[in-house]
Each structure stands twice: as C-alpha cells, then as structure tokens.
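Visitor: Please put the model up, and then I will ask about the interface and a sheet.

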2 protein chains.
Amino acid sequence: MNKPLKFLLLVLVIASTTLEAQIDSIFHQKLLNITRTALQDTFGYNLLRELCRIGPRLSGSKNLVKAESFLLDKLETLGFDTVYTQTFTTNNWKRGDIARFEGNKGERFSVLALGGSNGTGGVIKAEVLEVGDFGELEKFKDAVKGKIVFYNFAFPQNVYESFESYGPAVNYRVNGAIRAAAYGAVGVLIRSIASNYDDVTHTGTLRYLDTIPKIPAGALGVQSAVRLSRLLAESKGSGKKQLFEFEMNCRTEEPAPVKNIIAEIRGTEFPGEVIVVGGHLDSWDVGEGAHDDGAGVVQSLEVLQLIKKTGFKPKRTVRMVLFANEENGLAGGRGYGKFAEEEPAIDIAAIESDRGGFTPRGFSVDATPEVLAKMEKWLPYFSRTGIEWFKKGGSGADISQIKNSKALIGYVPDSQRYFTYHHSANDLFTAVDHRELELGSAAITILTLLISEFGL
Amino acid sequence: MNKPLKFLLLVLVIASTTLEAQIDSIFHQKLLNITRTALQDTFGYNLLRELCRIGPRLSGSKNLVKAESFLLDKLETLGFDTVYTQTFTTNNWKRGDIARFEGNKGERFSVLALGGSNGTGGVIKAEVLEVGDFGELEKFKDAVKGKIVFYNFAFPQNVYESFESYGPAVNYRVNGAIRAAAYGAVGVLIRSIASNYDDVTHTGTLRYLDTIPKIPAGALGVQSAVRLSRLLAESKGSGKKQLFEFEMNCRTEEPAPVKNIIAEIRGTEFPGEVIVVGGHLDSWDVGEGAHDDGAGVVQSLEVLQLIKKTGFKPKRTVRMVLFANEENGLAGGRGYGKFAEEEPAIDIAAIESDRGGFTPRGFSVDATPEVLAKMEKWLPYFSRTGIEWFKKGGSGADISQIKNSKALIGYVPDSQRYFTYHHSANDLFTAVDHRELELGSAAITILTLLISEFGL
C-alpha cells in the first residue's frame, strides 16, 4: 500500500471510530435520560397507587374486572399505536369468609386457605401430626390416617438469593395435600413461605390429583407455626392427645373470563420484530398485589410511556402484555404463547417483571451464549440504574410460553424483602419504594431500547 | 537447565499452585459460612431490636447513657479480648417540647427544629419569603429583613445515588441560617431533606457563626413545604401580606460526657496492626436511630461475634469502635483519631458503616490505586453477599479522623430508601429488614478477614 492511501485509510478509520463513539455517546445520553425521567416523574409509582386502591385482583373477582377497565381507560389516554385484549376462560376460586384453626382448649392460630383448596365441609376435628419434610412424612406414614398433617418446613434463611429458598419450601405448598392425602390425612397445614418472622399468612396455589382425595389445605403464619409446634411437643411430653378444629369454606365456582391487555409502539424499521415486555395483572386475593405483580404491570406500561415521553422511535415493535391469570392457571401466558406462534410477527425477545418492585440487580436470560455475550457488552449502558449483570437463567412464568424467541428475559431486582410480602396481606402499595420501582422501569426500558436498536 | 530438574520444578510449581488453590478454596468456604451464619442466627438484628427499644440516642440524653450501659453489659457476655471506653465532653442540645409553625388563619404545618438551633424566644410573627436556592436569596436579599426565609429546595430525585442528591440539599440545612441572617432574617425554614413524599420532618445539624445573629431554624415536612409554597403563591396573587407564627423552645445546655465503646479480638500474628470496624452510637432525637446508625453499631459488633462464632483466628487485631457524637460534634471520631495517632499500634485500615442497613452493593475506598487494585481482586470472595464493586471514594465521618491508615473504607449498601428514614421519626427498627442488615454484617466481616489474612 502506498503511503498517502495508508494515511487516508487511517484518517477514515479514526473518523469513523470517532463518529461511532459520538453516536454511541448520544445514544447513551438518551438512555441516561430514561432513568432521570423515570425517577423524576414517578408515572409508574402513581399508577401503582391507583391500581392498588382497587384492591387485590384474583381471577374471577370483581376487582380484576375493575382493574382491567381502569388500565384500558388509562391506555386510551396515552396514545400508543395499538391497544387490544385477548379473552380466556379460567378457574374461579373463592376464599369464602371462614378460615379457622384452633386447639380444643381455645388456642388460636392465624390460618389462610391455600389457593384452590377445597373447604372443610363443616368442622374437621382431628389430631395434628407435625413433620419437618416429606422424608419425615414417609417415616410416620402409618400414623397419618385421620389426622391433619402439619408441614413445619422453615424458609431456608442461610441463602443469599431468596428465590433459591422459595424452591424447596414451595414443594410443601404445591404437593403437600396430595402426599398427605395418599396416606389418609383429612387436612393439611403448611408453615407460611415467608422470609420474615411475623404472623401474617401467605397463600399460593396447590395441586390436587383426581385419583387422590382432595383434602383442604391452609397456611399458618410463621409465629403460629412455631407456637403450634411447641404446643404439640408439650402435648406429646404429657402423653395426652390433643384435638384441633379446622374450618374453611373456600370453594371453586363456575369458570370466569379474564383478559390479556396489550399495547404497542410500532417499530419504524422492523415492525414485524416484536419485543414483549410484561407482568401479570392478576394477584392473590389478600393484600393489594403491589409487589406481585402490580410492580411488573406498571413497569411494563411505563416502558411504553418512557419511550414516548423521551421521544424515542424504536426500530422494532415494543409490545406491552399484561398477562391474565398467572397465579392460578396461567391462562393468559398459555393463550399469548399460542397467539405468538400463529401471528405473522416474530417475538424476538420477551422481558418479564415478576419479582417485585425492588432495586435493580440484573437480568436472568434464557438464550444462546452468543446472545448472552451480546447483552453483556451492553452493561455500560446500564450505569446509574443498579443493573450489574446478565446471567444465564430462567425468565418468567408467562413469557416462558413463548416459543422460538431469541431471548426470554427475567428482570431481577434485589430479592431480600420479596418473601416478606409475597401472596400475603403485607403486599401493599405502602411496601413499595418509588425510587426502587422507577429504577426497575428505567432498566427494563433501556434493555428494550437496546434490543430494538441493535437486534439480537 | 537439565531435563529432570526442569521436570521437578514443573511438578513443584503445579503442586504449590494446587495447594494454594486448595487453601484458597477452604478460605473461601469459611467466608461463605460467615454469610450463612449471619443470615441464620440474626444476632445483629435481635441486638438492633433491643437497642432501638431504648429510644433515640442524642449526645447528652439519658437514652444514650442507657444504650452505652446496655452495650457494655452485652460485650461483657461475649468474651472478646479487650473491652474499654474513651470519654469525651460534647455539646448538649435539647429540642424542648414546642415546635410550631402556623399561618395566621390557622394553617398548620409540620415542623421540627434543626439540631443546634436556638429557640425562638417566644413567638416570632413574621412574613415568609420563599426562595428556591441561594441564588434566589441573593436576588431578593433586600426583601429579607424581618422575615422568615423558607428555602424550598427539593431533594433532586433524578439521580441514581441518593447520597449525590443529599449533597446539594444539605447545604441549605447547614448554611441556610447564616446566609439568611446576614440579610436580616429572623428565622429560617428548610424543606426536609427526604427522598419520599410524606409529611414527616427530618432534622440534622446546622452551623452558626459568632459574627452573625444565630436565628432559629426548622425543617418542614415535604408535604407541608409544598402546601406553604402554594399558600404563599395564592397570597402573593391576592396582593395581601400574610403573617405566620413560629415558635420553638430548643436550647443548648451544659456540655455532657459521651463514650466511644471499643472491643477487640487480638491478632495472632500481627497484633500491632489494627483493623477498625465502626459505626456511631449516637443518633438524632427522633425515631429510634435504627438505620442511622443503629445498623452500623450492630454490624460492627457482629463482625467480632461472627469471627468468634465461626472459629476464625485473625492474624491482625480486629477492633470494633462505636463512635460517640457523630451527629453534632464528632467528638468521638476526633478523640479516636488523636488516640490512634498516639498509640503504638497502627490502624492499617478502617471500615465504617453509616449508610443504613440495606442490601450490600460495594465499598468506597480512600486508598492508593495499588491498595484499591488489591481489594478488587478479592471480589470473588464476596459472592453471595450482594457486594459487586470497590470504588475510589470517601469513607465515613468518624474514621476520616484516622491519619496514616492504608485504607479508609465506607461500606455502601443500596441507597434508594436511606433518605426516607434519615434523621426522622421514620427511622425505626421496623424499617430494617433482617436479611439486608445481616448481609451487611457478613460483607464487612469478610472484608475485615481478608485484610487480616492478606494485609494491605
């Protein structure tokens, strides 16, 4: 190569690098503005306040219908390109107004029916058999018949990531009734799956099998579980049997309609490539469903709002999906998955927020190593959001139903307080910090815009 | 080199590398056990509950004396190598029982005296002049005389790191009275330095100069500040002047004694090299001083307790210092700094926890680039604690008085919620999450042990 040409090339390379760096820097500045705007205008936080005022949003409840209308009305005013709904039919469980568990000397315990549980059909009077885990259940299986089995499995506290503790504990909530009924139990109690030490009860779904009696099951508050355990030990020590009364009038009614709520900003270059951002609109019927998953709902909606407010024109279509019925049926997630498979557009990526409205930590990504590596290179764009990492891992229950996507992504905020609130009367708007929530909205928006800009 | 010798050397290198890796791995396992133990036994959390039950701990208060006795009694039972105290005399400010700010048509606002403020000496009746910042004060300086100046400077919400927002806001609390009095103001109000939107008032220290009248100063709750601003705008619009009443009976009494409380585990190899871990025992006189700085107190004590409980024998001396009087005088920090300069032992490093009991994020390190680089290599040891970084930066007010240390280190937890609680009635034990607090104890203990093991 002759020298002048070499020089010219060098100049071109420097110029293009500088230009690239400038564009990059402008883009980064625009992304930083997303975070500033989210923290400042608290659009999502104020929306969450209004949503929570409606009350909890269990599938089949009047509150859920109100919440659907509230959000559709709100979306009308926000001027996105498309707003539509998808309707499904799902099971319709009602808690009833009685949940009582008492010792026959008047000892009272706080108890709440597990979601989907049958009622007790009047009052069950029975002894209680306490077991620490399924291993102990097997050991004492011959003593189970006619009794209420009490799984006193404590939330493992010694693990950093609280979702890792949830895994082993939830096994007793989901499968405890089946396993105990197989040995002739007449009822089941679990220790609430909670990381704190109050006496608030935590519900959540259970499983039944058609081949095994569907016995009623409830959750005791952590302090009640500790007290019951002590009482049983004392009664064992004294050699006297103690009877308990267990009564719940929960029941399952006729299937009810539920809605996925969808809104889009159409892509300017690749409208057929869709990035889904979502959370689930339904909640359990206690508390206000603020962290689970009111936070995910308002953050998903705020992604669209922040894109619009800050003047971004995304190259790819950004689609908010507020999924129906995640808690007890997954009708919305399954229905959307089927729709996504059939529609001509391709969902290239999906991000779900369903781990509460806490300070951002990272993103858990179900994708090839190449896609994950690409995302890791984007980390500098997340400065001043709290996001520190991308890791290979699971995403979210709703979006897990989407096939053929290049990346299914779970937004991961700090998990330390989540199981203080989860599925309980503690899950209130007042338990959400506006800065933590808004940083989540910003982080998800930034990831959405990076995928929209650069593809996967 | 001949071949057999070369081979032998290779074998030796491999063997020693493997051995090193094994030791390293055993050490890492022992450090992981620190986190598990902290989360499981909640020693620090339970200690914080007891400490907070005493009430807030302002220098000169009976509560502080009770808290000192409580902790000294507790330390007696824990069997550390040395427990001793250092006594200093410091100023003794009392809030009194009156703090009132009202419009003359009965409009009421929540108000709290700033720490160290003089009382109003009866009722001040005056107009209020609102300014957004010191720039506006200069602009309207000719209108200040005889009025109460109201600095309505809002906490900057659009910044990720809330301590960055505190900086500009605190300027009005610290210097507002001096600046306004210089132009003839008779009183000062600030908008509480708070990151949330409730009406709880936040106190904190102010400065006076002997050359300028020492006018009384208070903080309005954020909602009260917003209401006052609206009222002033309305009154301006109507062209009518409105008078306000301002009354506080706070005062400064005779100097009072305060104590630094110190406990040590002596180093097995280098007892003359000391690693200080500390927080401050005093607090403002509202709330319970739970995050500020009960958290730092119990975390510092828990460092010693975790080292002992998990069977570590630190090579270097680990010294807990519970500093006196950080909030309004820094007598403890200054006194300790002097002591450290004079004693034969060397404080090679000091770690302060004074940013609340939230989930760990990193360490802010005042040290040479070499020392910082050494610490950064330790990051893998902090897996499963929440710690993600070491950064060059400031440490803490108390330890900043230590000279000639190789590293002054500030423990940095998540900062999003700190200014919801800081210096206010919101700063209660119930605002602390046990998992977040204990992870902090674990992270500080791990850093202490790494410095003890490897030096700096």
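Visitor: How many salt bridges does the rule find across the interface of chain B and chain A?
Guide: This is a predicted model. One of the pairs joins Glu164(A) to Arg384(B), with the closest N and O atoms 2.8 Å apart, which is within the 4 Å limit. Across the interface of chain B and chain A, the count of salt bridges is six.

Visitor: Which element gives the largest share of the side of chain B that touches chain A?
Guide: The elements of chain B that give two or more residues to this side are α1 (3-41), α5 (162-181), β15 (360-366) and α11 (434-454). The largest share is four residues, and the element that gives it is α11(B).

Visitor: What is the area buried between chain B and chain A?
Guide: The contact involves 31 residues of chain B and 32 residues of chain A. On the chain B side, Tyr160(B), Arg384(B) and Arg435(B) lose the most area, together 23% of what that side buries. Carbon and sulfur atoms give 46% of the total, which is about 2,800 Å².

Visitor: Which strands stand at the edges of the open sheet of four strands in chain B?
Guide: The order is β3-β2-β10-β5, with antiparallel pairing. Inside that order, five bridges join β2 (residues 99-103) to β10 (residues 244-248) of chain B, and Gly103(B) stands opposite Phe244(B). Two strands of chain B have a single partner strand each, so one side of each is left without a neighbour in the sheet: β3 (108-109) and β5 (124-126).

Note on methods:
Residues numbered from 1 in each chain as written. Chains lettered and ligands numbered in written order. Predicted model: local features only at pLDDT ≥ 70, side-chain atom pairs only at ≥ 80, totals over all residues. Heavy atoms only, no water. Contact = heavy atoms within 4.5 Å. Buried area = accessible area lost by both parts, 1.4 Å probe. Salt bridge = Lys/Arg side-chain N within 4 Å of Asp/Glu carboxyl O. Pairing = 2+ DSSP bridges.
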